[in-house]
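Dear colleague,

I am passing on the structure below, together with some notes on what was found in it. Please read the notes with the model open beside them.

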Amino acid sequence: MSGPQITQDQEPPRTATEASVDMLQAKLWGNPCPFTFRINYLALLYNTPLYDWIQSNYGLKRPEYVVLYSLALVDGGSARDISRTSGFPKNTLSRAIKRLELMGLIEARGKVPGGGRRQALRLSEKGWSMINETRPVFEAQENRMLEVLSDGERQMLSELMSKVVIAAQDWAGDLPPREMLDAAADKERMRQ
């Protein structure tokens with residue numbers, strides 16, 4: 001006989017679909033870090049197909065497109081600003097910026113007024129053309145993701161997420177202090 005053998009008191013193996021649903025339920029409702037799971041899950045489902053599409057249709061890697069997209073939002077932004085708001089390291093963005101300049105998608109850099117060595121980056125006409133062609137696809141995908149929410153729910157979610165993003169500067173880049181870890185461990189021991 002081939003395949004798994006099941007005794008009377010064992011449950012039959014679940015199908016892959018059932019296991020996926022159970023895993024999703026566990027990650028949604030039984031997860032000690034439910035917020036970050038939700039953010040990461042949605043970000044992957046949103047970003048992966050879009051950046052694959054950008055790479056296959058326009059030949060740009062994600063950091064390169066992030067530079068273009070950022071400059072479409074803030075003309076004259078610096079690599080430092082883009083790094084701070086995208087999470088990409090400066091050296092990754094430096095390579096992306098050099099390539100975008102060679103491709104003619106961003107114009108030669110000028111100094112940021114009062115910014116020391118920081119240089120202002122601007123989209124070229126060719127860069128704007130690409131953004132105008134691609135941004136509607138990003139917007140449509142976001143609308144698809146949020147269509148389950150009412151306008152009021154979208155507004156509330158946007159405001160709450162903005163609050164969390166703005167507060168990120170207070171904790172990003174550092175692990176929790178030892179006292180916080182000890183308190184969490186004490187709390188877990190008390191639950192058991």
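This is a predicted model: local features need pLDDT of at least 70, side-chain atom pairs count only at pLDDT 80 or more; totals for chains, interfaces and linings use all residues.

Residues are numbered from 1 along each chain as its sequence is written, and side-chain values use heavy atoms, with hydrogens and water left out.

The protein chain has eight helices and two strands (DSSP runs of H or I with at least four residues, and of E with at least two, numbered from the N terminus), and from the N terminus the order is α-α-α-α-α-β-β-α-α-α. Of its 192 residues, 23% count as buried, that is, under 20% relative accessible area with a 1.4 Å probe, protein chains only.

The axes of helix α3 (residues 62-73) and helix α6 (residues 125-146) come within 10 Å and cross at roughly 95 degrees, the axes being lines fitted to C-alpha atoms over the stretch in contact, with angles from 0 to 180 degrees between N-to-C directions. The two helices are therefore roughly perpendicular to each other (65 to 115 degrees). In this contact (heavy atoms within 4.5 Å), residues of α3 including Tyr65 and Leu68 meet residues of α6 including Trp128 and Phe138.

Gln141 is also found in helix α6, and at 19% relative accessibility this residue counts as buried. Leaving aside neighbours within four places in sequence, Gln141 is in contact with Leu45, Tyr46, Pro49 and Leu50.

Best regards

Terms used
Angles under 35 degrees count as roughly parallel, over 145 as roughly antiparallel, 65 to 115 as roughly perpendicular and the rest as oblique. Buried means under 20% relative accessible area, exposed over 50%, partly exposed in between (1.4 Å probe, protein chains only).
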